[in-house]
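Please open the structure in the viewer and keep the selection tool at hand.

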Amino acid sequence: FISVLSGAQITAPGMRSVKNTFYPSAPAVKDPVFFFCRATGSEKASLTASSQSGTGPFNFSWYKWNDVTKSFSDLFLNASGLTSTATGLDEGGYRVSITGSHDTVFTAWVVFDVPPRSSAALKQQLCYRVALDGDTGTTLHRFYYRDPANGSYLSFKNQLTFMWSSQPMTFIPGPDFNVDPVIENRPDQPNRTYQLPVGNTTFKLTVNSLGCQSESSFQYVPIHVKADFSADPLDGDAPLEVTFTDKSIRANNRYVWDFGEKNPDGSKKTWEVNKDSLFIFQAPFTHTYYRPGEYTVKLFVESDKFCVDTLTLEKKIKVEPSALDIPNVFTPNGDSQNDYFLVESKSLRWLSVEIFSRSGLLVYKFIGAGDSLSGWKGWDGNVNESSAKASPGVYYYIIKAQGWDDVKYDGKAQRGFVYLYR
């Protein structure tokens, strides 16, 4: 009864899985056991045999195992060609004898499974917790075949696996080994591991046995709140106006913004908004940072069901420290290259510039703060903003300024000479 595997092949279209036999009388022989699903009770199996050696056509003789004779004695199909398919098969053992230019025999067993139990439901829903309730189980626990040498019963134990999934995708802890997984994200746990679903989600439990698959799902309507926002720009000179765009979900009761600044007594300066004026902070709004430094922005939100969430902006808001960079030469000749004596600055509260000729005459003066300072283009080389052009040569400047970080610029470093070339 030993099957000759070389040069022959038998397959089972539509089968769900396959295992190899273990015959105590012939441990070296490994015949396939094909597992099919019988979901309605009327499904049948098919087997296809072919010879990969020799020259066709071949003769195929199909036999079924007979428990009375304890042998493959029931001939039910003769066919010829390069391949042969036996259809409408019930559970049992099958052997095909292939003769022609190359002779061989192949044996296979067909078993039918029924769909396993599958149930998916919601066990618990809290602000910080979603507990899923799954149920699985097999109906057929063992599958039987025979030892062709003596007809003794042999069997496989059914194998059960399962997998939780969701759409849209939500991280589910232990989806393939915990049938009742819990997605938990407590607000008092700073190192969050799981993200709670904030939109309608379909949770599905898929259960597989050796021959069948079952699925069960339910629609989940969340109550969870999510704090989310963006900030732009993240860095720049003072005063730095930052636009915050709220992207929070289900935060319809309370907002508490912490822009990273402190009160004079050292306590955190926060802005709290309740549901009566939420529209102010749900639309894009601006916050101005006046003092140079780095600021960590946090948002706390609360829903009408008192679910809460917090978010800390990943990058800090950086306001540049004050600085001055004074040039020592400029060329107001109209070529658009270095045409202005312009003091490059960062984060200045105000700036004063006075420029004198070598004889001590004031030829240019500027004092500005706020918009006038940010719009200042510099000295264009004309005398006191008239049409008269200052002569090429050396000029003396006195510059005074104060930064938003209260640094004062009023020393020898802000006095010096600038060369005007035309």
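Select R38 and F112: R38 lies over the face of F112, at 3.7 Å from the ring centre. A charge counts as over a ring if NZ of Lys or CZ of Arg is within 6 Å of the ring centre and within 35 degrees of the ring normal. This is a predicted model, in which local features need pLDDT of at least 70 and side-chain atom pairs count only at pLDDT 80 or more, while totals for chains, interfaces and linings use all residues. Residues are numbered from 1 along each chain as its sequence is written, and side-chain values use heavy atoms, with hydrogens and water left out.

Next, select Y23, F35, W65, F72, W109, F143, Y145 and F156, which form one aromatic cluster. The structure holds 32 aromatic pairs (rings of Phe, Tyr and Trp, the last by its six-membered ring, with centres within 6.5 Å; planes under 30 degrees apart are stacked, over 60 edge-to-face, the rest tilted).

Now select F341 and Y397. Their ring centres are 5.9 Å apart and their planes stand at 35°, so the pair is tilted. F341 is buried, with a relative accessible area of 0%, and Y397 is buried, at 7% (buried means under 20%, exposed over 50%, partly exposed in between, with a 1.4 Å probe and protein chains only).

Finally, select V256, which stands opposite F300 in β25. Strands are DSSP runs (E, at least two residues), numbered from the N terminus. Five bridges join β21 (residues 254–262) to β25 (residues 298–302), and the two run antiparallel; strands pair if DSSP finds at least two bridges between them.

Methods:
Helices (H or I, at least four residues) and strands (E, at least two) are DSSP runs, numbered from the N terminus.
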